[in-house]
Amino acid sequence: MTNMRSPIARVAPEDEPAILALNNEHAAELSWLEAERLSFLLGEAFYARRIGALQAFIMTFDQDANYDSPNFLWFRERYKRFVYVDRVVVAGHARGRGHARRLYEDLFDQVARAGQTIVTCEVNAEPPNPASDAFHAALGFVEVGDAVIHGGKKAVRYYERKMTA
């Protein structure tokens, strides 16, 4: 039996319909996107990758992105340079295979090559996402703040991971 791992690849325009569908299946944890908005965000992304046909994907932004997310803006107000993980999602059929960890490890390599020193993200506090809290803690993220956004409909915790030299 072989243990071939699906490759990590850059997100291409032809991937967008599948990414949009996967994203919107998990809109409660991420946020709903329209096709045009996804295309725009991918154009602004620092790092956007997928595993396999679409077992998982990640999209991140650096401090220079043209992005109006309240979570991204929270970090921009506090950090001069950073990479913000906007969304990571693993398809249901592909869970438990280490895809999210692989994407983060690849991201950390890219962040280091770009000379960045801080990776940030947020995790929902309401509705809660304890699996994501535990996952990020295991990767070395620490909580640095919180907020209530979208008119009180969502509460989030903000995390950072300082990169070591």
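**A strand and its neighbours**

Tutor: Start with strand β3, residues 56-62: 7 of its 7 residues are buried, so the rest of the structure largely encloses it. Buried means under 20% relative accessible area, exposed over 50%, and partly exposed in between, with a 1.4 Å probe and protein chains only. Helices (H or I, at least four residues) and strands (E, at least two) are DSSP runs, numbered from the N terminus. One caution: this is a predicted model, where local features need pLDDT of at least 70 and side-chain atom pairs count only at pLDDT 80 or more, while totals for chains, interfaces and linings use all residues. Residues are numbered from 1 along each chain as its sequence is written, and side-chain values use heavy atoms, with hydrogens and water left out.

Student: Which residues of β3 are on one side, and which on the other?
Tutor: Ala-56, Ile-58, Thr-60 and Asp-62 are on one side. Phe-57, Met-59 and Phe-61 are on the other. Both faces are covered. In a regular strand, side chains alternate between the two faces of the sheet.

Student: How many bridges join β2 to β3?
Tutor: There are 5, and β2 (residues 47-51) and β3 run antiparallel. Strands pair if DSSP finds at least two bridges between them. Tyr-47 stands opposite Thr-60 in β3. The two strands form a hairpin with 4 residues between them. Gly-52, in that turn, has a positive phi of about 60 degrees.

Student: And how many join β3 to β4?
Tutor: That would be 7, again antiparallel. Met-59 has Arg-87 in β4 as its bridge partner.

Student: Which residues are closest to its centre?
Tutor: Of the 26 lining residues, Val-88, Val-89, Asn-129, Ser-132 and His-136 are the closest. The elements giving two or more residues are β4 (83-90), α4 (99-113), β5 (118-126) and α5 (130-138). β4 gives the most, with 6 residues.

Student: What about the second largest pocket, which element gives the most there?
Tutor: β4, with 3 residues. That pocket holds about 210 Å³ of space. It is lined by 18 residues, and Arg-87 is one of those nearest its centre.

Student: How many aromatic pairs are there?
Tutor: The structure holds 16. Rings of Phe, Tyr and Trp (its six-membered ring) pair if their centres lie within 6.5 Å; planes under 30 degrees apart count as stacked, over 60 as edge-to-face and the rest as tilted. Phe-75 and Phe-82 have ring centres 6.2 Å apart and planes at 40 degrees, so that pair is tilted. Both Phe-75 and Phe-82 are buried.

Student: Why is the pair of Phe-108 and Phe-141 tilted?
Tutor: Because their planes are at 40 degrees, with the ring centres 6.3 Å apart. The pair links distant parts of the chain, 33 residues apart: Phe-108 in helix α4, Phe-141 in the loop between α5 and β6 (142-149).

How values were computed
On a 1 Å grid over the protein atoms alone, a cavity is a set of points where a 1.4 Å probe fits but cannot get out, and a pocket is an open set with protein on both sides within 12 Å along at least five of seven lines; lining residues have an atom within 4 Å of a point. Grid points are joined across faces, edges and corners, and a volume is the space filled by probe spheres set on the points.
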